[in-house]
Structure formats: structure tokens, C-alpha cells
Amino acid sequence: MGPAPAGEQLCGAIGEPEVMEPALEGTGKERKKASSRKRTLAEPPAKGLLQPVKLSRAELYKEPTNEELNHLRETELLFHSSLLRLQVEELLKEVRLSEKKKDRIDAFLREVNQRVVRVPSVPETELTDQAWLPAGVRVPLHQVPYAVKGYFRFLPPAQVTVVGSYLLGTCIRPDINVDVALTMPREILRDKDGLNQRYFRKRALYLSHLAHHLAQDPLFGSVCFSYTNGCHLKPSLLLRPRGKDERLVTVRLHPCPPPDFFRPCRLLPTKNNVRSAWYRGQSPAGDGSPEPPTPHYNTWVLQDTALESHLQLLSTMLGSAQGLKDGMALLKVWLRQRELDKGQGGFTGFLVSMLVVFLVSTHKIHTTMSGYQVLRSVLQFLATTDLTVNGISLCLSSDPSLPALADFHQAFSVVFLDSSGHLNLCADVTASTYHQVQYEARLSMTLLDSRADDGFQLLLMTPKPMIRAFDHVLHLHPLSCLQAVCHRLKLWPELQDNGGDYISAALGPLTTLLEQGLGTRLKLLAHSRPPVPEWGINQDPPKHKDSGSLTLGLLLRPEGLTSVLELGPEADQPEAAKFRQFWGFRSELRRFQDGAIREAVVWEAASMSQKRLIPHQVVTHLLALHTDIPETCVHYVGGPLDALIQGLKETSSTGEEALAVAVCCYDDLSRLLWGLEGLPLTVSAVQGAHPVLRYTEVFPPTPVRPASSFYEPLQERSSLLPRLDKPCPAYVEPMTVVCHLEGSGQWPQDAEAVQRVRAAFQLRLAELLTQQHGLQCRATATHTDVLKDGFVFRIRVAYQREPQILKEVQSPEGMISLRDTPASLRLERDTRQLPLLTSALHGLQQQHPAFSGVARLAKRWVRAQLLGEDFTDESLDLVAAALFLHPEPFTPPSSPQVGFLRFLYLVSTFDWKNNPLIVNLNNELTVEEQVEIRSGFLAARAQLPVMVIVTPQDRKHSVWTQDGPSAQILQQLVVLAAEALPMLEKQLMDPRGPGDIRTVFRPPLDIYDVLIRLSPRHIPRHRQAVDSPAASFCRGLLSQPGPSSLMPVLGYDPPQLYLMQLREAFGDLALFFYDQHGGEVIGVLWKPTSFQPQPFKASSTKGRMVMSRGGELVMVPNVEAILEDFAVLGEGLVQTVEARSERWTV
Amino acid sequence: MVARRRKRPACELDDRIPSPPGYAAIPIKFSEKHQASHYLYVKAHGVRQGTKSTWPQKRTLFVLNVPPYCTEESLSRLLSSCGLVQSVELQEKPDLAESPKESRSKFFHPKPVPGFQVAYVVFQKPNGVSAALALKGPLLVSTESHPVKSGIHKWISDYADSIPDPEALRMEVDTFMEAYDQKIAEEEAKAKEEEGVPDEEGWVKVTRRGRRPVLPRTEAASLRVLERERRKRARKELLNFYAWQHRESKMEHLAQLRKKFEEDKQRIELLRAQRKFRPY
């Protein structure tokens, strides 16, 4: 471009969209019309519920028009499905800038331009003499070392050009930034200004003068500095309009040198442009050795010279190809959801746009492709190529004077050259960031290929913040500790190159060190990118250490987490020394069973939860050993939530071991049952049906050893009874085991008789187990309780045909048909579906060791919110299982912490009204079946429960959510989860430590109308409370096996018995909420509908009284008597009944 | 609340507790200590002409709103002041028929947790009913001479009761099964007798026990037969053979696409209404 007057230049530049306007407007109108038509066609669905579509035959089978056929074909060719196409269109509509706003931005830009060119000039002074700067402005640069040669004067920019995505129409909302390049006149710069930051100093001074003048202008709402892409040598000036448009746009002014001012050959990655003599005040160690190259510094200078050429390249390539623009917008959304584009060294939208250009130039993308196809191709490219090894270049010429790719690989971790062949676009991108991008692209590709129904939702609409995406997270705080790293690792050349930014200098070596140390335990290591700060023009630029903290995210490999051993080379190998050097004093010589003598590191970890935290040990050890970062600066966030599922008095384990012991005991018992002699029918199957047996019981059972003095013995039944004068004994919940007997023609075909025969089997089973194995047993009509090694099992004999017998109905014609009855459904659930589910989840635990922790934390949280009784154990377990079986867009969690966060996210965002939660256990459902289930769901929505969970064994009925929760309770849970998630994430991301992690587990009590406070003396599980009591009562347990072998007190939990009575008596007047894990309070909510005065009816007098109201006799709840009843029914257990009468009136 | 407090003394002043037409209200409290009381609504049991009821007319008192801690014994004791009580039966809802007299097995039908119930109190003489209707109360369920267990006391004794005696259980099972076996044997003998014997119109009943067993008459079996037939027919059918079939299948495909499109549009509309397209 010629040296045209600056004003016209800008007008021309931003005039482009104006020329295009008519065309755009046309499409806009069409779109509006289309949407209005849509609105009339599909009326707003009632209450946000999807209705099954009903189209008349005539509509379905009318002759297709050409237009329609074209649309259908296009959808088929260019998109995955019509739904995806519509979704993508909607998303683009949402993120694209509207024409109206564009006009306002254009007007603002014109104003900016006029003001910038009118800034007065300043006479020439020395660079170090900054006395001419007005008082209200500070130089936006750390001038270290201060002394530098050269002169500066201010002249208005030679040219003002809009560059970047705004002109191309690919910028996306929110945060619209318009980049404006100000070409500094030649007179300001000298030939050798590329050297020793002179250019950057001049650039900063240029901006400060500009800032001072623009800040006085009433047009701008805010004028402040920031860094360009986080590079702290290159400040830029941010201008925002005043008034209501303040949030509309941010104009960023970037000064840049005149075109071709710097000779590219001086800025090759191998060249040095920051002299050691100047920077460090000394020549490099050892005379004669060359100056270290400064590739990053060179790149930053080059970037400024190439702003305009990049814009030109992009605009010629994009031209009018709407698909490419759409694709870029989608890619930007994709990056932003993964937090990859923000901060210093991020994978910016600009990089992705250049990548699209590269793919177009290599014919991998065609300009007619749709946005979705562009997205797919770019992801495919990212997933399959490795730019850290084989860099790519946009430069087509084969000029031998151009630097070789190898030079760039030497200097940078990721290489992507622009069309000049001199500038590496990915210079600031670290290897870790790039690997994260690659990893995300790979994940997204598998997701797209799996033909999942809502790939769109998962790919583009689900945010992946670091804390929710990575299993463990660690914060380095304060950041000044990284200075020590630079000292220790002697990173002087890097510091020189980065202009003193020790964070960027240390980041690379740090991540490499940790990656090497974590080895097989690690899937991916990512680091947060320091956010780009903004500061007022009258302030000094923020120091490096002020940019918060550095956060590293670890994605762990579950199979690597089981080993406590780091196996090194054999002692006599030369690598052994290296190994020793790497691990320091932790490395020791060990002799192994196969006779080998090797170097090895052994970490101390006894339990699963400790093994999960081995990375913590590795990280602190390596950081202290190699980088001098003290332990106090490393804040590792891996297991703060573990405390909530730790057993009583236990701090080293989160209960997986205790559960395994119980499961082991169950295995023994099932073996005994198999081998039992003397039963009339042999045992055909033994199946577990209790949360313990699928590893999801919040607090695993411990072997019971009752102290006989604590109980009332009932010798003739060899059982113990609770005593009135003692506190409530420990709660022992028998573990249900279903025992199927072989089929036989001898079974009676009558429901009552089958019950009797089963009872006979229960008695016989108890007898035989006592006789043959000396186990303490107690039989009832429906089950046999067996005490084995301190664990109590409840064996239920089941007869396969019994549900069928219960279902049989004989019609008058003698036809026998099967109809579900409540009894048959219950029986089927308990004896068929529950065992199947238990074994499937048991299998899931073997695949994903973190499942137990996640499911138990989730359950714990729901119960702590007093909502536990409305959700069955199984439904919550299935939701937790869904996190592992359908983790997209994440990977299955490897730590309870991240799993729990995702649980909260799932609960708070899932649209239960319009979607079933499909939990594809054992991968039994095919894609077609899932589609079928979804459509069947829509058709039958009204008959299904509020929360629908579908498994391969239960495709239609959602048995585990049949009896609850109600819509209100589910809504309450959703609200609570939505509140808890950001709070917990904020706590965990706080670099100074999470604080009180139990906050989100404490329920809000102010919503209840009545609070019934219970006496801890009669709460058997009092110690399990979220805030574990300092002192509680003795529960009659011995630490050593005692002499008593009587059956302990089973399932005796006064609060539960009390609740049962309350619900039975007042269930239609009030709702009762309680945390079964040691809750001390029962929350009562009156049902507003039952507090409406009602006319007298003999069938609904329960707890009500008759009153005359306005001469009419009506019934109202007898609240005072009911409140007294609360105390009467719970005599001994209830401490106080607190009525908050201001909340309700009758 | 405050308003109600004011109203209560007013009610007591005119000494008439409001009650629904036809009923009398009797206040009832758990014990002396308690302030507020529930109200039993009582009337003489009577039924409309033509309906049958097993409760004796005139001698039966129908009681509504019996609190959960009030047992049959205590109700009988409380009303014994009006006349000799013959029987008391608590039920969940009003029921005209007496429940079967033979007590249901306590092993197989455990007692349900009581809520508010209704009671039928049968007096030996009709004047018991009229005396009960005039009762002023308040009745006390638990007194020092006759304490009623509640709370921890009740749960501990319930727990002790829930541990069954295996011998008693065995006895009950054995007697039941003996009776059942006998019944089955009788039925079989009867069936055997009738086997092959024509009834008065000459029809012979064909059963599964005959020499040539027949299909059981169940819905599942008949469905299975129909399904087999359908599959047989489907195998013979030609698809996409005639031109019209071809045309129709194409049209069907298009219709499917249209339907899907319409569904998708609806889904999008819904998502848009919920602002689900805001990516962040």
C-alpha cells in the first residue's frame, strides 16, 4: 500500500464491509423471514417440553420441491445430520456480530482514527531521558536495564490500518476486539533499532504519549494498557467507547514499524539481538563463545512487521467463502471452551485461521466446504500431525536464502512458518499447550466419529475448565519461586531472550522435568497460561509475580496409579547413574524376585487413595530436588474431598480396601452356599444386591464385635437387643444377597404357597449353615441373616417364576395373561434387576478404580443436602456410572475429586425433561437402539418419571426412579448443584489452599418450616456427620473380637424408624428431609396445597380439624397438635421442635 | 398463628367445638402434659338403604381421625366409660365390611406403620353409642395407669417383636402347606374324575393332563404363534420388486427425513427458548 493519507486508508479498510452490506442484509432478511416462519410452524412447546411431532399424511407425502431436495442433499453432504446443521446455524447466529453493532463499531473506529492522527508531535530526546513524559502516564514496559542508546520523538502514525478478525468477519462475540496497526513514521526509527530492545522501548514510549492524549478525550470510556498476546515487551493500548457501548468493543492499538524496515535476515532464529554485554553487563562466559541466539525476541519484532501481510493473505484466501469463515468461528468457539486460546502463548484464533489457510493451500480444505467440514478437517489435521517434529510452512518459494525448518525446530518447540518463511507463528506456544490442543483434537475426532447423537453439544457447548478436565491440579504460588528455578537451572540465555520474563523461561524445563518424573502415571500435563493483565495508564506495568499463580493440570492414567515402584535400570548399566541423578536420594538399589539388582524408587502408599496421590510425592520431591521450589510453594489439589468419604477415625484410606474386605467375605459366603449339602433344591446362583457389593456404600461396613454388657441378650433366639438405658447401639446394615434355587416342578403355582415354601427354605438354610459351617443365623419368613467374620449378610431365597405367578391374571374366557402388579414389579426389581445392576457396577469398578470414590462422594453430597431419601441408591450410582461410561468431552475420571465436579455439572445442566440419561452398561446398546430409546422416550414422556435413567436391562421403565424424586425435589437438587459447583471450583482453584472444603456439603436449613432437632444419643451413625462431632457416645463395639457370638442388633436406626412414622402419619401434609449419615436435624416443609382450607370429607380428615371460616365449616391442618405429635412420636429421640411460624399461616 | 390463638379461646367459651354436620367432635391428647389436642369425629355407624355392612347397626360407633399413637386397646379403654365395648377395629380408610376374622399370619404380613386411622367401635348395647356422642373429653391416650409406649420405648419393643421364633414359623408353614397340598390333591382328584366325561351338553373338556397335551391358554403362547405366522409371511414377500414399491419406499424415505427435520426444528426451537446456544 502506498503512503496514502492515513484517514482515507482507514476509511478504505473499514469501508470493505460497507460495500458488502447489501448482500449481507439480504441474507439477514431471509434469515429473519425463515425464523419467523419457523415460529409460526412450530408453536412454542408447552412448558419447555418436547412433544412428539405430528404431521399429517398430506404434509409428509406431498411432492418435494426442487429447493427442498437441494436442501436435503446439501445437509446430507455437508453436515452430519439436519439437527447438526440447525444447531451450527443457531450457534453461529449467537456468536456472530450483528450488522447494527458493526455499524456502531465502524463509527467508533472512524472517530479513533481521527483522534490518533491529530496527536501532536514531540521534539527528539534521548531514550533514557523521559522527563518530557507528562505526569499522568507511566511507560508500559519494564525498562531493565534502563540504559539504552538512541533517540525518540513522537510523530503521528504514517498509517492507521485495521487488521485481524474484525475485518474478515470471523470475530466472535462476546469480547469483540478490533486490532488497529499504527505504522510509526520512518523518522522515529533508526537502522539498528532491532538491537537491545531499542525498538520495543520506542514502541512503548510511542504508546505512552498516545495514551496521554487519548485519555483526555471524552470519547473513551476507558484507556488502559495491556500486552499483545501476553508478550510483555509489546504493550498495546486498549480503547473502549464511553457510555452504553463500553462493553461493545475494545480497540487495541499496536504500533508497528514501516514495512520492510527491518531486514529479515537479521531476525533469523539463530541470530542474537540482545547482547549479553548490555543485558547482563558482562560478556558471555568463556570469551570467544558466540552470543546465545534470541529466537523469541526476534519473532516479536518480526510479528509487528507482518501484521498487514497476514491480513492480506487471510482476506484473499477467505474472499467470499462463507464456509471457511463459519469454520473459523466454530474453531474459535471450540478453542475457547477448552480455555486454549487465552493468555500468554495460547493457541489463538489467529493461529487457527492461519491453519485453515494452510489447509486450503495444501488442498485439504476446499472453499466450498461447510463450516462443520472445516472444523472437522482442522481437527483431523491437528490430531494426526505433530508440529513439534515436522513443522509446516505457508511459504511456497524454495529460495535457498530462507532459513531451514530445522533451525526453527532447534529454537522453538512448535513450528508453523508464515508465508515469508521467516516468522514462526507458533513461537510462543509451548510444547505442553500444543500437546493439549492435539489431545483435545484427538478426543473430539473420536467423538465425531462415534456418531453420538449430540456431538455438537459436547464439542462446542460444553466448557472444559482446567479443574473439571484434569484429575489433579497443582498451583505454584507465589510465582517468585520460579526465579529460583531460573537460577538453579542456569537459564540465563532464556531470560535474555524473554526479556526477563522468568515464568516463560522456566515453564519449558519445568514441564519437561515433571513429565519425565511422572512417566507412566501421566496421560497429559497442561499448564495454565498466565492471564494477560490490563492496567491503567498512570500505573507501572504489573510485575511478573503478580500474574497470579501457575497452575498445572495432571491427567492421570489409572493403570499407572496402582504401582508404588519406579523401576530403574540395572545397577551396572550406564543409565543407572542418570537415574540416580534424576531421583536423588529417593533412588536405592533393590534386589527383585527375578534376581535382578536394579535402581528403584519406592513411594509410601498403603491404600488406594494414597496411591492416587503418589504424583503429589513425585512432584514435590522433583521440584525440591531439581528446581529448589520449596514444598510450601507447591499447592497440590488432589484429594481434599477424600476426607468426606473416609471412614471413622481413618485418615489413610478412602474405604476402597474396607469394601474389598467385605466383598471378599461375601465371596466366601457364596462359596459356602454353593457347596451346601442337604438342601432339597441346589443353589443355582448367588448374587449380591447391596451397595457394598458394588463398592458404592458411602461408609463401608466394619466387622461387628458387640460388647455384651451393652445389650440385652435374648438367649433363646441367640440375638442381642438394644437397651433402654444405653445409647443407641452401632448401626449394622445387613448386606442383601439373592440366592436363586434351581427350577423344579415341585414348586407350588400359587403366590401364597410359594411364600410359605420360600420361608421353609429360609429356615432350612439357617439350619444347614449353622450345622455345617458353625455360622450364627437367624431366619425369618423372607430372609435369613447370617453373621460371618463380623459381617452380616441377608440371604433372600428367590424363585425365578414367582414374579410371573404374581403377574398372572385369568380372564373370564380362561385366557391367562400377564399384567404387571406392584408386588410383581417390586419382586422383579429386587431379585432380578438389582443383582444385575450390582454385578455390572462391580465390573465397572474393576475397570475404573475411581468409580467407587466418585459414586460415594456424589451420594454423600446428595444425602448431606437432606435429599438422600428421595433418590434411590441405584439411581445415584447410575448417574455416577454415566460419568465413566459417557465421559465425553472429557475422559473417564481418575480421581474422585474431578468425578464429583463432573457429577455436579451433569446434575446441574442435564435436561431431564427432554432427555433420558442413557447409561450404556457393558456397551450393550447399539447406536440404533439408543436412537430408538430416545424416540420412544419422547412418545411416552408423560407416563415416565421425572428423572429417567435407561440401562440395557431397563430400557423402558426407569425402575430406579419410579418412586421419586418429584419434580420439585429434582429441581431443588439442580439448584443446589448449580450453586455448589462454582463455589467448589473456586475453592479448589484458589492457589492459597481450598479452605473449608465441607462448605458445599452443609445444607441450607433456612428453607424449612419446622426443624426437629434430634438427640445424638440415639443417632447411631452420629460420627459420620459432615462436621464430625468432637465427642459422641459409645456404641457398644469392642476393638478385639469378644466372646459374644450372638446376632448383633440389625438395621436399628431410630431416626429412620421415626421418619417412617412421620411420613406415614403426616405424609400428605408435609415433606421430611434428613441426612442419614449422622444428621442431627430433620427439616419439615409443609405442603402448601394441603394447607388450603378444604370442605369436610370423611376420607381426608387425617390430622386436620374443622373450623368455621366465614360461616362455613372447613378443614385445616391442626398444626399445633401436629407439632406436639412430632415430639410424642419421637419420644426420647427428639430434643426440640422448632417451628418457624412466620413462614406459614393457615 | 396469632390469629388462631385468638380464635381458640373464643371457641372454648361458647363450649362447642365445631364439627362437621352429623358428627360430634371429641378432643384427644396423648397425655396430661400436652397442650393442643386432635379431634376425633364420631357418629353412629349407618349406611344408606340397600348397601350392606357387616357392622351391627345401632351399636357401632364410627370414629374418624384416630391419631397414630392410639391403639385399639387404648381406644377401647377410653370409650369403656360409655358402655361395655365389644370390639374395636382400626382401619386405614372407611370400609363397610369387617376384615376377615381369622388373624393374618404375623410372619408373612407384618403390621404396617400406623398413620391417622378410622375406627369402628362396636358396643354391646346401643346406648353406648349415644353416650360416646355426648362425650366431652379431652381423652388422654396415655395415663399413668395405662402408659402407651412411643419413641425409643416403642422401637425397642418393636425390634424385639420382629425377631421371629423359628419353631412357630415352621409350624405355621407346615400347617399351611398341609392344607394347601390337601386342597391341590382334591382339585386334582376332581379333575381326574371329570377327565373325558362329557358335560350335560356333551362337551368334553380338554386339559393339559390328557394323553395329548395341548398348548397352554396364555397370552404369551398365542402371541408367539402369531409372531411365527407373521415371520413366515414376511419371508415370502418381495420388497422393492414392483415399480410402485420402489416409488413408495423412496417416498417413505423422504417422509422420514421430513419428519426428522420437523423434530429437529422443534428441538432447536426449544433450545433457543432456553438460551442453550450461548456457548459461554
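User: How many residue pairs are in polar contact between chain A and chain B?

Analyst: In this predicted model, the count between chain A and chain B is 16 residue pairs in polar contact, with both residues at pLDDT 80 or more. By class, the side of chain A that touches chain B holds 63 nonpolar, 24 polar and 29 charged residues.

User: Why is the pair Glu767(A) and Arg170(B) called a salt bridge?

Analyst: The closest N and O atoms of Glu767(A) and Arg170(B) are 2.9 Å apart. The cut-off between a side-chain nitrogen of Arg and a carboxyl oxygen of Glu is 4 Å, so the pair qualifies. Across the interface of chain A and chain B, the rule finds 3 salt bridges.

User: What is the buried area between chain A and chain B?

Analyst: Chain A and chain B bury about 9100 Å² between them, and 65% of this area lies on carbon and sulfur atoms. The contact takes 116 residues from chain A and 81 residues from chain B.

User: What makes strand 14 and strand 15 of chain A edge strands?

Analyst: The open sheet has 3 strands in the order 14-16-15, with antiparallel pairing. Strand 14 (565-570) and strand 15 (587-591) each have a single partner strand, so one side of each lacks a neighbour in the sheet. From one strand to the next, the twist averages 40 degrees. Helix 21 (residues 575-583) of chain A packs on the sheet and touches strand 14, strand 15 and strand 16.

Note on methods: Residues numbered from 1 in each chain as written. Chains lettered and ligands numbered in written order. Predicted model: local features only at pLDDT ≥ 70, side-chain atom pairs only at ≥ 80, totals over all residues. Heavy atoms only, no water. Pairing = 2+ DSSP bridges. Helix = DSSP H or I, 4+ residues; strand = E, 2+ residues; numbered from the N terminus. Axes fitted to C-alpha atoms, helices over the stretch in contact; angles between N-to-C directions. Contact = heavy atoms within 4.5 Å. Buried area = accessible area lost by both parts, 1.4 Å probe. Polar contact = N/O pair within 3.5 Å; in protein donor to acceptor, adjacent residues only side chain to side chain. Nonpolar A, V, L, I, M, F, W, Y, C, P; charged D, E, K, R; others polar.
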